[in-house]
Amino acid sequence: MKDVSFGQYYPVTSFIHRMDPRLKILFLIAFITAIFLATSFYGLAICAGVLIIAILLSRVPIGKVFRAIRGILFIVVFTSVLNVFFYRGETVYWSWKFLSVTREGLIFSAFLVCRLVLLVTCSSMLTYTTSPVELTDGIESLLTPLKWVRFPVHELALIMSIALRFIPILMDETERIKNAQKARGANFESGGPVKRIRAIVPVLIPLLLSALRRAEELGDAMDARCYSGGRKRTKFKKLRFSWRDVIGFLAGAGVVTGVVLLRVYGVGTL
Amino acid sequence: MRIVAEHLSYTYNAATLFATTALKDVSLTVEEGEFFGIIGHTGSGKSTFVQHLNGLIRVPSSMKRYKKKKSKKNPPLPQTVLQVGEFDLTDKKTNFRELRRHVGLVFQYPEYQLFAESVKEDVAFGFKNFAEKKPTDGEVAEAVRAALEVVGLDYNEVAGKSPFELSGGQKRRVAIAGVIVTRPEVLVLDEPAAGLDPVGKREIMELLHKLHREWCKTVVIVSHDMDEISENCTRAAVFAEGSVKYVLPPRELFRKRDELRALGLDIPLTARLLEKLEQAGVSVDCDFTAEDFIAKISALRGDRA
């Protein structure tokens, strides 16, 4: 595991990093809504503008941001190609049997590409600037209203944070067991599919056993300290809204209002 | 097989924000036939070093690229050497599988890598993996029997059992058997006695001496138990913050009480007792093994009485 940097979180301090995770989650939801509500390039331009400012403020290197986009490159290319050929429009540039390239089709698929890129960039900005712990804290706090209908919010958050905490540990463990079996001549790299699957068994079984053992130990340790979850627990890190969050809120509200206004007045609607 | 390392460095997650240097310019030679100890704190690089010895961690090829870049700002780094017997571990073309057959590596808590349905199958795993052609059942059984017997387990009693039925100490013996079954010339063990009670610890160390005499010419152990080192090793290397501070026989090493303490390391019980005696004005020359210490002290008392 030491050779794999886990997750997306990019650990620096910045304006965006220090915002309240709850606000960032809400902002993301508002932002995604705005992207879907936008009916024109002007609307997307508003979103893109705010997003670019956010990226600049976050001190996450541009290369990292592009890497997030690279992950969905295939889907972007695939959908845009489909749209270019199948979108029916009036100004036809080229056509063959049921395929045709139209002016409208080109514009629409460009619109879709922008939309997808914006969606992915803004969601990965959340994970780049918010550590997994903050994220679960934020989700727990946002889900608090569900406690009224007896939904076990705290337990859910606890499960999430334990799972997140254990991912690097288990990755570490996998690496260790893999190395131990390699030292005994195990071969994970060559052979047919059946052979390769069989080669995983000597790693999988010890890993499973160790996961169970760790789970049991953690359960015992929590019992030994009388952990009972819920109500009376206080938090080590209390989430607090600050002036940064006011700015974030205004930006989010601004984006949504702007997009809605453009939509209502039909400015540049495709 | 002689182990030679020169100017060996290693960085985890190189060129990222999470980069951590584990080894800095390590130079170290282990002669054939030694019972060598490696001492150091957690994070001192000792585990990283031993994983180099059978190619689980490779010498990064970037080391070679550095050499080509000759400028006044970056003087060329001294050449990295890592050799185990005839195997050149800085060379990508080295047959690392063959190397692993000759250098057995027992990880910390090796009982956690047991996986097979029976002890026999588990011990046979390495043997089958390294065999040049598929061994017959008879050959496998014979190799497993020999390996189990040398680690002090009764083949007839345990071979058919599930490894998970055994006691902790037995499991560890099975795991060690699973490594030595290919008769490696060099046996490297990371904290072989960790987590055992004092009796279990002594038994494991006795087992290692037996292996050293009968099976593996060279034994390298990683430990932070100074008594283990002073009792057993011919020489020991002290790792701190990724570099080697001392390579000395225990007899000389543990005279450096203050230096070791400055590195945050312990000293053996015998060394601590000798310190007290010195403070009381009695000077005893001893090689820091319990046996020698007791002999010297009783001789001293005999003289006085």
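1. Helices, here and below, are DSSP runs of H or I with at least four residues, numbered from the N terminus.

2. The model is a predicted one, in which local features need pLDDT of at least 70 and side-chain atom pairs count only at pLDDT 80 or more, while totals for chains, interfaces and linings use all residues. Residues are numbered from 1 along each chain as its sequence is written, and chains are lettered from A, with ligands numbered from 1, in the order in which they are written.

3. Which residues of helix α12 of chain B are buried? In this helix, residues 269–279, they are B:Thr270, B:Ala271 and B:Leu274. These residues lie on the same side of α12(B), because they cover an arc of only 95° around the axis, the arc being that of the directions from the helix axis to the C-beta atoms. Just after α12(B), B:Gly281 takes a positive phi of about 90°.

4. Chain B is assigned domain 1 (3–265) and domain 2 (268–305), bounds that come from an automatic or database domain assignment. The C-alpha centres of these two domains of chain B lie 33 Å apart, and their contact takes eight residues from domain 1 and nine residues from domain 2, two residues being in contact if their C-beta atoms, placed from the backbone, lie within 7 Å. On the side of domain 1 of chain B that touches domain 2, the largest share, four residues, comes from α9(B).

5. Chain A is divided into domain 1 (21–142 + 239–264) and domain 2 (146–224), and the C-alpha centres of these domains of chain A lie 34 Å apart. Five residues from domain 1 of chain A and six residues from domain 2 of chain A make up the contact.

6. Between the chains, 19 residues of chain A are in contact with 24 residues of chain B. α7(A) gives the most to the side of chain A that touches chain B, with seven residues. That side divides into nine nonpolar, five polar and five charged residues, where Ala, Val, Leu, Ile, Met, Phe, Trp, Tyr, Cys and Pro count as nonpolar, Asp, Glu, Lys and Arg as charged, and the others, Gly among them, as polar.

Conventions. Helices (H or I, at least four residues) and strands (E, at least two) are DSSP runs, numbered from the N terminus. A residue is buried if 20 or more other C-beta atoms lie within 10 Å of its own, exposed if 12 or fewer, and partly exposed in between; C-beta atoms are placed from the backbone.
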